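Here is a short briefing on the structure below. The points are grouped by topic.

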Amino acid sequence: MRKIVIGGRGLVEGYGGGELLVSPEPISFYGGVDPLTGVVREPNHPLEGKSIAGKILVFPRGKGSTVGSYVLLSLKDRGKAPAGIVNIRSEPIIIVGCVLAEVPLMDRPDKNPLEVLKSGMWGRITVQGRKARLEVIP
Amino acid sequence: MHLTREEEAILAGSMGDGYAKAMKVVVKVAEALEAPRLIRIEHAHISGISYKNIGESGLKFLESLAESGAKASVPATINPAGMDLEKWRRMGISEEFALKQLRVIRALTKLGLKPTLTCTPYLYEKIPRRAQVAWAESNAVLYANSICELYTNREGGPLALMEAIVGRAPYVDYRIDENRKPTVIVDLRSLKRDIRQRSLYAAVGYFIGRMVKEGVPLLLGLPPDMTLAETKLMLAAIGTSGSLTMVRLGDSDSGLPRVRVSNLQDIFAELPAALSDEGVVALGCPHLSPGELSRLANLASKYGKPKRRVIVFTARAAKRYAPKALEILVRQGFEVYYDTCMVVADLKAMGVDEVLVDSAKAAYYLSTQGFNVGLFLRSDIKRILYD
């Protein structure tokens, strides 16, 4: 199987590698993710019970309370932040959280990641300026 | 995106690390939203104040930002905290929580924010008409845009704080006149009498938020004598059930697409809690205004102590405008708290399990916190408290 390369818009600079965790549903960080452990605890969420710590987290966009930005910061403080985030379209909760927690963030991927990516694949995200790239191996 | 020389300099650190970080956040958001530039704001209102919500990391972040010497560049106010700053012991708050909450307030004050601790800044703040502002707290955002002719997007708590520090916000969406024109008509005319007689403002608002997902609805058929209190109850409900940023109130028709609302059953079916008359009554989501406090005090003067426990939440500033009313309420056994509200405080610590509210916003958030919630209509308040 060939490596998958997805380009996109760089929003927060940095790089990181890790296992992919893909959610077809938006994520609410406040209330939806445990700020101490990084485990998704929103009832009936596709990622319920899974930890986002160290993962490259792929989901359409953020939702819910804007205090969610501080949850990303809390995860960073405890070494439980995701290694990188890929959104279809980022909104301010995720952008502010990623700037404060220094988590690389990209959006507007040139292929639909929800169709071509699966949890359990391994990836590396690189964001330099406006350019972003996600390289994924099975 | 275009940045002025001054903005570039702040971003590069000319005013220090705190300002640079704040500018970085604002610029990143502006870029993502494809704003052509930033615009100066004249006021900011910040949410995310309760220690219960922002936690240890939020507290540390605010303290380090304050330590960096950053300060709000514009007048700015803050949302309710997790406790009454004076009567927290009576609320069952632990000493540990209280100390953390006071540290949050101290950091925010050091950042130059006025500790108003209310979600109704529009009642007490003096802000020029048609000003660009940066408000978080959805009920305040809807009120600002729809009633006060202020210009703001739904900024979110941490973002509004950064915007307050740099005195600027991304120039997009509802900051531009063109995007504030009505896009859809919500025709409530056939319900006009019911809305007025049964005080269905919260219920109708919640329904509108569910139905209209985007744009600016023009609401036709609301009673022309709708009070400030009723307006704020309705707008808070609209802000809770959806992501709308503003509405327009009108009486004239136009050629826009139209949604007709004529069935009360549909409206009640969408509510976040069922109508009920059991439980501890909690009032003040949004914070009760001086006018509402005085109407409540009139009831209390006439009928005395209510037959059940009633907890009232309002702004400390209300004390200046309605001191007599507040005295009467306290004398008649109403539990009055300032600086906090039923959504961000810990009602469980106050011994509440089953709660009865007239606010669709409160009903929604208290349900998500696991409370047994019932709704009552504002027009039934005398019956709920005394019959």
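Among contacts in chain B between residues at least 6 apart in sequence, 81% join residues at least 24 apart; two residues are in contact if their C-beta atoms, placed from the backbone, lie within 7 Å. This is a predicted model, in which local features need pLDDT of at least 70 and side-chain atom pairs count only at pLDDT 80 or more, while totals for chains, interfaces and linings use all residues. Residues are numbered from 1 along each chain as its sequence is written, and chains are lettered from A and ligands numbered from 1 in the order in which they are written.

**Chain B overall**

- Chain B holds 16 helices and 14 strands. Helices (H or I, at least four residues) and strands (E, at least two) are DSSP runs, numbered from the N terminus.
- For 387 residues, a compact globule would have a radius of gyration near 21 Å, and chain B agrees with its 21 Å. The radius is taken over C-alpha atoms, and the globule rule is 2.2 Å times the number of residues to the power 0.38.
- Along the principal axes, the C-alpha atoms of chain B fill a box of roughly 65 × 60 × 35 Å.
- Of the 387 residues in chain B, 51% are buried. Buried means that 20 or more other C-beta atoms lie within 10 Å of a residue's own, exposed means 12 or fewer, and partly exposed lies in between, with C-beta atoms placed from the backbone.

**Helix α12(B)**

- Helix α12 of chain B covers residues 290-303. At 1.5 Å a residue, its 14 residues should span 20 Å, and its end C-alpha atoms are 20 Å apart, which agrees. The expected span is 1.5 Å times one less than the number of residues.
- Pro290(B), Glu292(B), Leu293(B), Leu296(B), Ala297(B) and Ala300(B) are the buried residues of α12(B).
- Seen down the axis of α12(B), these buried residues fall within an arc of 155 degrees, so they line one face of the helix. The arc is that of the directions from the helix axis to the C-beta atoms.
- On the other side of α12(B), Asn298(B) and Lys302(B) are exposed.
- The cover over the buried residues of α12(B) includes α10 (228-241), β10 (280-288) and α14 (323-331) of chain B.

**Helix α9(B)**

- Helix α9 of chain B (residues 201-211) is mostly covered, with nine of its 11 residues buried.
- Among them are Tyr201(B), Tyr206(B), Phe207(B) and Ile208(B).
- The cover over the buried residues of α9(B) includes α8 (192-198), α11 (264-270) and α15 (360-368) of chain B.

**Strand β6(A) and its partners**

- Side chains alternate along β6 (residues 122-128) of chain A.
- Strand β2 (residues 14-22) of chain A runs antiparallel to β6(A), joined by six bridges. Strands pair if DSSP finds at least two bridges between them.
- β6(A) also pairs in the antiparallel sense with β7 (residues 131-137) of chain A, over seven bridges.
- Arg124(A) stands opposite Gly17(A) and opposite Glu135(A) in β7(A).
- The hairpin of β6(A) and β7(A) has two residues between the strands, and Gly129(A) there takes a positive phi near 55 degrees.

**Chain A against chain B**

- 17 residues of chain A are in contact with 18 residues of chain B.
- On the side of chain A that touches chain B, α3(A) gives the most, with six residues.
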